[in-house]
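Colleague: I am new to reading structures. Could you take me through this one step by step?

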Amino acid sequence: MIRHIVFFTAASSSNLEPILDGLALLTKIPHARRLEVAQNRKSDPASKEVDVIVYGEFGTDAELAAYKAHPLYQEAIKRVRPLRELRFAADFEITTARTSAVESVGQ
């Protein structure tokens, strides 16, 4: 499983809703096992730069590639690129991630 995470900053606060709307097109692409687009809550006092997050899960590299090749992906880029300032993307294989087990509260 591959996790695909992208962070965006809006060039202007007035661009936030159009960016969210443009990126929402990505949720209609069938190749992701899970895809979410959300506005950053900016609850971390040390980091308030990121405005919008795209989070996706893909079973294979081929699924991720098909997602990026989809016409709706290209349309989202066309709509969002002029409105954003920065874009940072990261992909990682969950089998190589360092994780910890989370126990249920009260056990």
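Colleague: Where is the place of Glu57?

Modeller: This is a predicted model. In it, Glu57 sits in strand E3.

Colleague: Is Glu57 buried or exposed?

Modeller: Buried means under 20% relative accessible area. Glu57 has 15% relative accessibility, so Glu57 counts as buried.

Colleague: Which residues does Glu57 touch?

Modeller: Leave out residues up to four places away in sequence. Then Glu57 touches Met1, Ile2, Arg3, Ala32, Arg33 and Arg34.

Colleague: Now helices. Which residues are buried in helix H1?

Modeller: Start with the general idea. An α-helix has 3.6 residues a turn, so residues three or four places apart point the same way. Now the case here. H1 covers residues 16-24, and Leu16, Ile19, Leu20, Gly22 and Leu23 are buried. They span an arc of only 165 degrees around the axis, so they lie on the same side of H1.

Colleague: What covers the buried residues of H1?

Modeller: The cover includes strands E1 (2-10), E2 (34-39), E3 (52-58) and E4, and also helix H3 (71-80).

Colleague: Which residues form a nonpolar patch on the surface?

Modeller: Phe7, Leu86 and Phe88 do, with about 280 Å² of accessible area together. Take Leu86, in strand E4 (residues 84-93). Its relative accessibility is 39%, so Leu86 counts as partly exposed.

How values were computed:
Residues are numbered from 1 along each chain as its sequence is written. This is a predicted model: local features need pLDDT of at least 70, side-chain atom pairs count only at pLDDT 80 or more; totals for chains, interfaces and linings use all residues. Side-chain values use heavy atoms; hydrogens and water are left out. Patches are made of residues with over 30% relative accessible area and no salt bridge: like charges are joined within 9 Å, nonpolar side chains (Val, Leu, Ile, Met, Phe, Trp, Tyr) within 5 Å. Accessible areas come from the Shrake-Rupley method with a 1.4 Å probe; for residues, only the protein chains shown count as cover. A salt bridge is a side-chain nitrogen of Lys or Arg within 4 Å of a carboxyl oxygen of Asp or Glu. Helices (H or I, at least four residues) and strands (E, at least two) are DSSP runs, numbered from the N terminus. Buried means under 20% relative accessible area, exposed over 50%, partly exposed in between (1.4 Å probe, protein chains only). The arc is that of the directions from the helix axis to the C-beta atoms. Contact means heavy atoms within 4.5 Å.
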